[in-house]
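Please look at the sequence and the structure below before reading on.

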Amino acid sequence: MNPTLLKDLQDFKARSVKQPTVESKKSKPSHSGSDQPKSKPKARKSSYLPKELLQPKKPASPAIDHKTPTFRSKHKFAVLAAIVDFMKNRHLQRAFEPLSLDEILDQIKYTDISSNDKAWLGNEALKGNSKLVHKDGRFSFKPKYNVKDKKQLLKLLERHEEAGLGGIMLDDIRESLPDADEVVKAAGRRIMFITRPTDKKVILFFKNDQHQLKVDEEFQKHWRGVSVDGIGENDIEKYLVNAGITTMQDSGIRKPQQTQQKRKPVRKRFKKLNTHLDESTLKDYTER
């Protein structure tokens with residue numbers, strides 16, 4: 001290189017080092033109207049959870065204000081439904097101690113029902129209800145599964161997996177386990193979620209690490225790099241043959257080929273009429 005150019009380059013570097021640099025401050029964006037607080041960045045949602053758990057939880061039904069007059073049916077079946085719903089909500093609030101019928105009616109403000117309806121509730125309806133447990137004259141809610149925390153939930157799913165009973169619906173867990181959504185989210189890495197296509201119900205399965213297959217990362221890269229969208233098995237086989245790769249034969253179940261059977265000639269059959277006449281009684285009148 002020309003020595004004069006090298007000297008100019010060194011002089012330029014020396015001048016740039018001596019010259020101070022001033023960083024320009026970033027101008028604040030002007031807000032029209034009142035200053036609005038900056039919105040916090042939203043946390044990324046984990047992709048392994050179903051949409052039902054990622055959606056915000058619906059607010060619970062507000063408590064009934066008994067001071068304001070509201071219409072409530074005093075029919076015995078309406079009272080029965082109110083008792084079951086009250087016991088269910090009470091169980092989900094971790095109040096597990098049983099109550100007597102008088103205590104339940106006092107809690108739901110149905111103390112003014114008739115004596116006949118009260119006797120029917122205590123002797124027949126509540127004792128025979130599948131959602132309640134009766135013991136020593138007291139009642140408690142009977143969930144489908146007796147689970148109270150994450151440990152018991154994982155054990156329940158593991159027992160189902162070992163017994164080959166399949167999964168458990170998320171709605172049943174929500175009815176049985178207090179704070180079910182938070183517990184399921186906490187144990188999400190050990191649970192598999194499947195959404196049933198017919199009714200969009202979420203089913204929980206235990207994720208057994210022993211059944212996880214470890215695949216080489218290099219093979220995974222090749223697998224993800226190959227796109228076979230819209231390509232049938234015959235097209236894939238032709239591509240492999242053209243590339244000099246022998247395809248595996250007899251890899252699948254062959255359908256039995258239907259052999260075409262030769263049809264036998266059908267002989268026409270004629271019904272005989274006048275069978276009561278013998279050949280001896282018939283004469284041939286043709287000209288000879």
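Lys 144 counts as exposed, at 53% relative accessibility. Here buried means under 20% relative accessible area, exposed over 50%, and partly exposed in between, with a 1.4 Å probe and protein chains only. The model is predicted, so local features need pLDDT of at least 70 and side-chain atom pairs count only at pLDDT 80 or more, while totals for chains, interfaces and linings use all residues. Residues are numbered from 1 along each chain as its sequence is written, and side-chain values use heavy atoms, with hydrogens and water left out.

## The chain as a whole

The protein chain has ten helices and five strands. Helices (H or I, at least four residues) and strands (E, at least two) are DSSP runs, numbered from the N terminus. Of the 288 residues in the protein chain, 21% are buried. Contact means heavy atoms within 4.5 Å. Among contacts with a separation of 6 or more, 61% are between residues 24 or more positions apart.

The accessible surface of the protein chain is about 26,000 Å², and carbon and sulfur atoms hold 52% of this surface. Accessible areas come from the Shrake-Rupley method with a 1.4 Å probe; for residues, only the protein chains shown count as cover.

Side chains of opposite charge can pair when their charged atoms come close. The term salt bridge is used for a side-chain nitrogen of Lys or Arg within 4 Å of a carboxyl oxygen of Asp or Glu. By this rule there are nine salt bridges. The table gives three of them.

| Salt bridge | N to O distance |
|---|---|
| Glu 175 and Lys 131 | 2.5 Å |
| Asp 172 and Lys 144 | 3.2 Å |
| Lys 201 and Asp 171 | 2.9 Å |

Glu 175 and Lys 131 form a salt bridge with N and O atoms 2.5 Å apart. This pair links distant parts of the chain, with Glu 175 in helix 7 and Lys 131 in the loop between helix 5 and strand 1 (132-135), 44 residues apart. Helix 7 covers residues 170-176. Glu 175 is buried at 18% relative accessibility, and Lys 131 is partly exposed at 30%. Neighbours within four places in sequence aside, the contacts of Glu 175 are Lys 88, His 91, Leu 92, Lys 131, Phe 141 and Pro 143.

Asp 172 meets Lys 144 in a salt bridge of 3.2 Å, N to O. Asp 172 lies in helix 7 and Lys 144 in the loop between strand 2 and helix 6 (150-163), so the pair ties together parts that are 28 residues apart in sequence. Asp 172 is buried, at 17% relative accessibility.

The salt bridge between Lys 201 and Asp 171 has its closest N and O atoms 2.9 Å apart. Lys 201 lies in the loop between strand 4 (191-195) and strand 5, and Asp 171 lies in helix 7, so this pair ties together parts that are 30 residues apart in sequence. Lys 201 is partly exposed, with a relative accessible area of 31%, and Asp 171 is also partly exposed, with 32%. Salt bridges that share partners join Asp 171, Arg 174, Asp 181 and Lys 201 into one network.

## Rings

Rings of Phe, Tyr and Trp (its six-membered ring) pair if their centres lie within 6.5 Å; planes under 30 degrees apart count as stacked, over 60 as edge-to-face and the rest as tilted. By this rule there is one aromatic pair. Phe 77 and Trp 120 form this edge-to-face pair, 5.2 Å centre to centre with 70° between the planes. Phe 77 is in helix 3 (residues 76-92) and Trp 120 in helix 5 (residues 115-125), 43 residues apart. Trp 120 is buried, at 16% relative accessibility.

A charge sits over a ring if NZ of Lys or CZ of Arg is within 6 Å of the ring centre and within 35 degrees of the ring normal. Lys 76 lies over the face of Trp 120, 4.7 Å from the ring centre. The charged end of Lys 148 sits over the ring of Phe 96, 4.5 Å from the centre of that ring.

## Strand 2 and helix 10

Ser 140 lies in strand 2 (residues 138-141) and is buried, at 18% relative accessibility. Just after helix 10, Gly 244 takes a positive phi of about 85°.
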